[in-house]
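Work through the following exercises with the sequence and the model side by side, and try each task before reading its solution.

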Amino acid sequence: MLAHSQSTKQNSYRKSSVAVLCDIQNVLRIKDTAKFLLDFAKLQGKVDYKKLYYNSHYPSQVSIKDILETLDFESIDVTDSSLNSADHRLMADCVKLFAPQRSPIPKIIILVSGDWDYAGLIAILQAMDKKVIVFAQKGSASVKLMNLVGKNNFYFVDELPELMKDITQICVPAIK
C-alpha cells in the first residue's frame with residue numbers, strides 16, 4: 001500500500017511533457033530569442049522534443065539552425081521548394097508525436113510560426129485536449145491564428161525577453 005501511495009504521489013509531481021516545434025522560415029527573429037523560448041518552455045513542463053525546420057538553400061536559415069543546434073534542437077532540412085513543404089513536414093512530425101508507442105506524449109505544444117496553415121493541426125491538438133502555445137514574429141502573424149489559440153497562448157518572439165523578465169518577477173519572490 002505504501003509503495004502505491006508513493007508511486008501516486010510521484011506521478012502527481014511529474015511535469016507535463018512539452019514539444020517545441022519551430023518553422024524558422026516564418027520566424028527568422030528566433031535566432032535572437034531562442035534561449036528565452038526554451039526558458040519559457042521549461043516553465044511549462046519538461047521539454048522532451050525540440051525540432052526546427054529550415055531550408056539549407058538559404059544561408060540565413062542555416063545560420064539560425066546553427067544557433068538553435070547549440071541549444072540541442074534537432075534540425076530538419078526541408079529542401080523541397082514546393083509551397084508549404086516545411087509546414088507539411090512539421091505537421092507530419094507533430095502528428096507522429098502522438099503515436100501510441102511514443103513516450104512521453106506531449107501535453108503542451110509550443111509552435112513557433114505565425115502561419116495560418118497550422119490552423120487545422122492546432123484545432124486537432126486542441127480537440128485532443130492538448131495545450132497549444134504559438135510564438136509568431138511581429139508583422140507576419142495571422143490574426144486568425146491568434147484568435148484560434150487565444151490571447152493567453154499567443155506571443156511574439158520579438159517580446160520574449162520582456163515576457164520572461166515579467167514571468168520571473170512574478171514567479172521568483174524578491175530577496176530581502
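**Exercise 1.** In what order do the elements of the protein run from the N terminus on?

*Solution.* The model is a predicted one, in which local features need pLDDT of at least 70 and side-chain atom pairs count only at pLDDT 80 or more, whereas totals for chains, interfaces and linings use all residues. Residues are numbered from 1 along each chain as its sequence is written, and side-chain values use heavy atoms, with hydrogens and water left out. Taking helices (H or I, at least four residues) and strands (E, at least two) as DSSP runs numbered from the N terminus, one reads α-β-α-β-α-β-α-β-α-β-α-β-α, which comprises seven helices and six strands.

**Exercise 2.** Describe how H2 packs against H3.

*Solution.* Begin with the axes, which are lines fitted to C-alpha atoms over the stretch in contact, with angles from 0 to 180 degrees between N-to-C directions: those of H2 (residues 30-44) and H3 (residues 59-69) come within 9 Å and cross at roughly 20°. H2 is therefore roughly parallel to H3, a term for angles under 35 degrees. Next, list the contacts (heavy atoms within 4.5 Å): Ile30, Lys31 and Ala34 in H2 meet Ile64, Ile67 and Leu68 in H3.

**Exercise 3.** Which residues of H2 are buried?

*Solution.* With buried meaning under 20% relative accessible area (1.4 Å probe, protein chains only), the buried residues of H2 are Ile30, Thr33, Ala34, Leu37, Leu38, Phe40 and Ala41. In the protein, buried residues make up 41% of the 176 residues.

Methods: Parallel < 35°, antiparallel > 145°, perpendicular 65-115°, else oblique. Buried < 20%, exposed > 50% of the residue type's maximum accessible area, 1.4 Å probe, protein only.
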